[in-house]
Amino acid sequence: MMGDSDVTTAVLPYRDATLPVEDRVEDLLARMSLDDKIGQMTQAERLESDEADVTAYRLGSVLSGGGSVPEPNVPEAWADMYDALQRAALRTPLGIPILYGVDAVHGHANVVGATVFPHNIGLGATRDPDLVREIGAAVAREVAGTGITWNFAPCLGVVRNPRWGRTYESFGELSELPVAMASYITGLQGGPRVGPPPSVMATAKHFLGDGGTDDGDDQGDTRLPEAELRALHLPPFLAALRFGVGSVMISLSAWNGVKVHGHRYLITDVLKDELGFTGIVVSDWNGLDEIFGREEFTGEEVRAAINAGIDLVMVPERWRRFIDVLRDEVVAGRVPMSRIDDANRRILTKKFEQGLFEHPLTDRSHLPAIGCADHRALARRAVAASQVVLKDEHGLLPLAPGPRRIFVAGRAADDIGMQCGGWTISWQGSPGPITPGTTILEGIRAAAGPDATVVHDAGGAGIDPSFDVAIAVVGEEPYAEDEGDLPGAMGLDTADLETLARLRDAGVPLIVVLVSGRPLDIAAELPGWDALVAAWLPGTEGHGVADVLFGAVPATGRLPVTWMRSAEQLPIVDGDGQDPLFPYGHGLSLRASGEVTG
């Protein structure tokens, strides 16, 4: 018979790590109040909540939106911030830890000093799932170094129109590429399912059809019969489920006029019941507002989202209102307790699988991984593999190191911010020296060797016929999501065109390196260029671009999207019968010797 002291010191079943996860979940669920359960389903933005809120409202999750960073923005401050919020969660009556989420979509790129890898469109050009798996594992180590356990990546959307502002977040225009590159999930999670750090929970997003909207309109409408939706946009998510992805994020777009955030058929009938997904279904940023297009969500939107099958709701600013409204809906019987319990089982299961109840705070042994030499070397390798040589008319490539005069121009030549693109330090990204790394110009200087003369002027001033070759690094300024939608012209801007004209007028052989998140309308200018390399958005390791330009690494990249002759052709995709400037899969194979092999 147990005495009183034995009762008070006994380990509660949900805290017994030797028990099966399912048993621990059921024990904890039985101890939770409705407020506990609703709190677990609520995700607040860190700038709109604090430690006291986490404790008082039993919040289940906190996130950093793009650019939502601690001060100073250094890895140690991130770990301190995470630990403070986690300790606040542990002060709740049941001590349920939080899940902290971040958009580490091409590295832990909110953090100054982290390794920034090529965006997904460049990784799609590599055609190398093993490389992408390695990148996922490296990103996990850097994210884990700051304590964070949940990454809102990878985007598995199949891009069908480069007007879409998220084109660079897609691996390509045919489902075969995101299917293959879903290997990122096993790298991030470290195995068939999420586990303790450095495993980080992956998110397959955005379910379903976000890359197929009319006119490439972000958050727009994908108008397809169900058979076509399944054939084109579902396969990457099937691959993600095979890889054991821990969470799926719902798209802000619509399918045939119905916003997916309220689409019970797609979320519950297809994803959960037909496909057997047992992880967390999470909404996108303020996704409740998208269901019926109203400025302020009401009980109708909350009811629609939860009953459709969303488990954890990202309500960055208005999370208190969400808690009150969902409570009213449950009490009134319009959201059944069975749905609330299902959501909590999914959330709690991942928290137990990640070992958060045993080890809730940051394992700071992973801090040295952030921006480490090994990860930067991996990123450099990925950059080189992503380069697509589209044109090399006079056999200029690769350039030989040695005593030659090289002129480098273009706004993107010496600009880390431009070569990283959006989702870097801030949501939209920005030009300039925003984080440590190697610019493309710096890579060129190193690759050219000590006997070469490399002269740089962003606008091309000073170019003359004495130079052996000119390299123009031009392209897009950073953007993200709907801010990056291009409903109109898709060409280079005036500054780039003026720079290119200045270089051409000098009569020097011209190599154009295009830094962009998508194909641009360049057919009219292309005849004046001797060579063209699509560098995509390579990230912090610009030396990888120079590795291909100078033949240290052979050119092997292949187009992950069809390159239009003009914007008027859009949408243009492989197999649609149109005549592209460069077809899907195009890319010249240059050996290090410079020989064209295919």
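**Sheet, cores and a buried threonine**

Modeller: An open sheet of 3 strands runs in the order β5-β7-β10, with parallel pairing. This is a predicted model, in which local features need pLDDT of at least 70, side-chain atom pairs count only at pLDDT 80 or more, and totals for chains, interfaces and linings use all residues. Residues are numbered from 1 along each chain as its sequence is written, and side-chain values use heavy atoms, leaving out hydrogens and water.

Biologist: Why are β5 and β10 called edge strands?

Modeller: β5 (203–207) and β10 (280–282) each pair on one side only.

Biologist: Why is Thr222 called buried?

Modeller: Buried means under 20% relative accessible area, exposed over 50% and partly exposed in between, with a 1.4 Å probe and protein chains only. Thr222 has 0%, and is therefore buried. Its contacts (heavy atoms within 4.5 Å) include Gly209, Leu229 and Trp255.

Biologist: What makes a set of residues a nonpolar core?

Modeller: Its members are buried Ala, Val, Leu, Ile, Met, Phe, Trp, Tyr and Cys residues joined through side-chain atoms within 4.5 Å. The largest such core has 174 residues, and Phe322 is among those with the most contacts inside it. Helix α7 (residues 129–144) gives the largest share, 8 residues. A second, separate core of 10 residues includes Tyr14 and Phe357.

Conventions:
Helix = DSSP H or I, 4+ residues; strand = E, 2+ residues; numbered from the N terminus. Pairing = 2+ DSSP bridges. Lists of a residue's contacts leave out its neighbours within four places in sequence.
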